[in-house]
Amino acid sequence: MKFAKLIGADITDIAYKGAPQVNLDLLKNRVQLYFGTLPTEINYVRAGQLRTYGVASAKRVSSAPDIPTLAEQGLKGLNMDAWNALYAPAGTPKAVITRLSTEIGKILQMPEVRKKIEGTGSIMQSEGSPEELRKMTTDEYETFRKLAAEMNVKRN
């Protein structure tokens, strides 16, 4: 719980299988704090059922510009962007990977697709190459491996 460490608080971590379960507990006031993804939580926020304190990204989200970043509010060092990617099995021919990357890039540039994705609260960023995705995945793994070690998180 990097958040707890940054603010110097003792927060009990509760393991959930997914957002639906934790959202139910949030709505029933059985838990008071949750770091969720904006696309998962934005409809509850817009309906006035949940309150958001800020986004843990480097900049505000274009589809929810009224929600400040945590850094803007003085909580620095908690940039926790969530992202999605398409992976293929190891050994998939490079030509297949290149074709998939090219076609997905075209789809993501379609205005109606961008509008739909951004409407969920997601941020569309440069799609990049398969090699850039490999590096980003490796870097992110290393970041969270170090954080887990620092926070004394053990694997089951």
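1. Angles under 35 degrees count as roughly parallel, over 145 as roughly antiparallel, 65 to 115 as roughly perpendicular, and the rest as oblique. Keep that in mind for the helix pairs below. This is a predicted model, in which local features need pLDDT of at least 70, side-chain atom pairs count only at pLDDT 80 or more, and totals for chains, interfaces and linings use all residues. Residues are numbered from 1 along each chain as its sequence is written, and side-chain values use heavy atoms, with hydrogens and water left out.

2. Let's start with the whole protein. The secondary structure comes to six helices and zero strands, and from the N terminus on the elements run α-α-α-α-α-α. Helices (H or I, at least four residues) and strands (E, at least two) are DSSP runs, numbered from the N terminus. Along its principal axes, the C-alpha trace spans about 50 × 40 × 30 Å.

3. Now for surface and interior. Of the 156 residues, 18% are buried, where buried means under 20% relative accessible area, exposed over 50%, and partly exposed in between (1.4 Å probe, protein chains only). Contact means heavy atoms within 4.5 Å. Among contacts between residues at least 6 apart in sequence, 42% join residues at least 24 apart.

4. Next, a helix pair. Two packed helices are described by the angle between their axes and the distance between the axes. Axes here are lines fitted to C-alpha atoms, for helices over the stretch in contact, and angles run from 0 to 180 degrees between N-to-C directions. Helix 2 (residues 19-27) and helix 3 (residues 38-46) have axes that come within 11 Å and cross at roughly 30°, so these two helices are roughly parallel to each other. Ala19, Asn23 and Leu27 of helix 2 make the contact with Thr40, Glu41 and Tyr44 of helix 3. Sorted by class, that contact has three nonpolar, two polar and one charged residues. For the classes, Ala, Val, Leu, Ile, Met, Phe, Trp, Tyr, Cys and Pro count as nonpolar, Asp, Glu, Lys and Arg as charged, and the others, Gly among them, as polar.

5. Compare that with helix 4 (94-109) and helix 5 (residues 111-119). Their axes come within 5 Å and cross at roughly 75°, which means helix 4 and helix 5 are roughly perpendicular to each other. On the helix 4 side, Ile107, Leu108 and Gln109 meet Pro111, Val113, Arg114 and Ile117 in helix 5. By class, this contact has five nonpolar, one polar and one charged residues.

6. Leaving aside neighbours within four places in sequence, Asp25 is in contact with Tyr16, Arg30 and Val31.

7. Have a look at Asn29 too, in the loop between helix 2 and helix 3. Asn29 counts as exposed, at 56% relative accessibility. Its phi is near 60°, a positive value in a residue other than glycine.

8. Last one: Ala64, in the loop between helix 3 and helix 4. With 3% relative accessibility, Ala64 counts as buried. Apart from neighbours within four places in sequence, Ala64 is in contact with Leu38 and Ile42. Ala64 and Lys2 are 62 residues apart in sequence and 24 Å apart in space, C-alpha to C-alpha.
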